[in-house]
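Please find below my notes on the model. They take the overall layout before turning to individual residues.

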Amino acid sequence: MKTLFSILAFFAFTLTASAQSEVFGTKEGAINGYDPVAYFTESKPIVGKKEISLMWKEQMWYFSSTENRESFKADPEKYEPQFGGYCAYGMSRGYKAKTDAEAWTIADGKLYLNYNLDVRKTWSEKQSELIDKANKNWPSVKNSPIK
């Protein structure tokens with residue numbers, strides 16, 4: 001019974017910690033296991049490889065090539081999605097939301113992810129205004145639980 005309680009407590013802590021993480025992560029890794037550098041170099045989302053990884057901001061990041069991993073390692077802030085990979089539209093509204101790798105935009109050299117393609121369309125209609133709002137919300141929201 002004591003062992004079962006310990007296991008349950010560990011999983012509860014793990015779920016709470018990941019839900020409050022500054023970086024959107026799943027069991028597949030940071031940003032669902034996609035290579036953040038590939039958005040810039042390939043202009044599309046590419047799933048990273050488990051054997052090409054890097055731990056950063058308490059999340060495992062996966063890359064499609066060693067070159068991409070080394071680029072990220074040299075300048076992670078250049079490649080990390082804004083708002084830790086949480087939905088940019090959600091952040092503009094003051095909350096964290098998961099993201100879809102296909103719903104992405106690079107604006108002013110920064111990667112933004114959205115909940116889905118419909119949300120990305122809505123977000124893109126007032127992108128500059130919503131980025132400003134999201135930037136203001138991020139400091140107070142980044143360590144809160146995901147909704």
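1. The model is predicted, so local features need pLDDT of at least 70 and side-chain atom pairs count only at pLDDT 80 or more, while totals for chains, interfaces and linings use all residues. Residues are numbered from 1 along each chain as its sequence is written, and side-chain values use heavy atoms, with hydrogens and water left out.

2. The protein has 7 helices and 6 strands, in the sequence order α-β-β-α-β-β-α-α-α-β-β-α-α. Helices (H or I, at least four residues) and strands (E, at least two) are DSSP runs, numbered from the N terminus.

3. Of the 147 residues, 42% are buried. Buried means under 20% relative accessible area, exposed over 50%, and partly exposed in between (1.4 Å probe, protein chains only). The protein exposes about 8500 Å², of which carbon and sulfur atoms supply 54%; the areas come from the Shrake-Rupley method with a 1.4 Å probe.

4. Among contacts with a separation of 6 or more, 59% are between residues 24 or more positions apart. A contact means heavy atoms within 4.5 Å.

5. Isoleucine 31 has a positive phi, near 40 degrees, and is not a glycine. Most residues other than glycine have a negative phi. Isoleucine 31 sits in the loop between strand E2 (29-30) and helix H2 (38-41), and is buried at a relative accessible area of 3%.

6. Serine 43 also has a positive phi, about 55 degrees. Serine 43 lies in the loop between H2 and strand E3 (49-56), and is exposed, with a relative accessible area of 52%.
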